[in-house]
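I wanted to go through the charged side chains of this model and note which of them pair up. My entries follow the order in which I looked things up.

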Amino acid sequence: MKELEEILRNHKDQFDDNEPQDGHFENFLEKLNHQKKKNVFESIPNFLKVAVIVTFVIFSGLIGYQIRNLEDNQLGLGGISPEYREVELFYTANINSQLGMLKKLGSFNKEQHQSILQEELKDMDERYSQLKKELELHPDDDRIIQAMIEYYQVKTSILNRIIEQLYQIKKQTKNNLNTAV
């Protein structure tokens with residue numbers, strides 16, 4: 001460092017008199033920018049970049065198409081029309097809410113009652129799966145559509161009755177405990 005300072009002091013007159021050539025700063029900046037821009041993507045030819053982008057777009061389209069086909073293949077009420085989709089969403093939301101209430105209320109005192117309920121719900125779901133398969137074969141059959149709607153109505157009604165009964169049982173149990181004390 002001291003050598004550089006000494007050189008600068010000794011040649012101070014030359015530095016003050018001589019100006020850099022025209023375009024010196026532009027050349028200097030160009031060299032700096034050229035060093036910064038060198039990265040991995042620069043070394044890849046343009047046709048290869050375009051090929052990668054085109055391949056990505058094609059695969060994205062294929063994946064989107066496959067997902068759309070999967071949704072269409074699972075034909076339920078919602079696959080028939082937007083109106084039936086709303087009906088299906090209404091009933092499934094209602095049934096899920098009722099199942100949540102069942103969990104909050106607890107189960108029946110006897111395991112036998114609990115297992116009967118689970119068997120009945122499982123049986124109903126299997127029947128609905130059969131209806132879905134029939135609907136795939138006969139998408140315009142109104143009887144199947146009506147049967148699917150009735151499935152939702154019956155399941156909702158049964159769940160309501162069970163919830164009412166559980167509520168009554170809980171209420172009676174609570175009253176019996178209060179009178180015993």
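Entry 1. I kept in mind that the model is predicted, and searching the whole structure I found four salt bridges, of which I followed up some.

Entry 2. I looked at Glu5, which forms a salt bridge with Arg9, the closest N and O atoms being 3.8 Å apart. The two residues are four apart in helix H1 (residues 2–10), so about one helical turn separates them. Glu5 is partly exposed at 38% relative accessible area, while Arg9 is exposed at 63%.

Entry 3. In helix H7 (residues 111–137) I noted Arg127 and Asp123, again four residues apart, or about one turn of the helix. Their closest N and O atoms are 2.7 Å apart, and they form a salt bridge. I recorded Arg127 as partly exposed, with a relative accessible area of 48%, and Asp123 as partly exposed at 27%.

Entry 4. I then turned to Asp125, which forms a salt bridge with Lys155 at 2.7 Å between the closest N and O atoms. This pair links distant parts of the chain, since Asp125 lies in helix H7 and Lys155 in helix H8 (residues 142–180), 30 residues apart. Asp125 is partly exposed at 32% relative accessible area, whereas Lys155 is buried at 7%.

Entry 5. Last I checked Glu88 in helix H6 (residues 82–105), which is buried yet has no salt bridge. The nearest side chain of opposite charge, Lys132, is 5.7 Å away, and a salt bridge requires a distance within 4 Å. Leaving aside neighbours within four places in sequence, I listed the contacts of Glu88 as Gly76, Leu77, Gly78, Tyr128 and Tyr152.

Notes. Residues numbered from 1 in each chain as written. Predicted model: local features only at pLDDT ≥ 70, side-chain atom pairs only at ≥ 80, totals over all residues. Heavy atoms only, no water. Buried < 20%, exposed > 50% of the residue type's maximum accessible area, 1.4 Å probe, protein only. Lys, Arg positive; Asp, Glu negative; His and termini not counted. Contact = heavy atoms within 4.5 Å.
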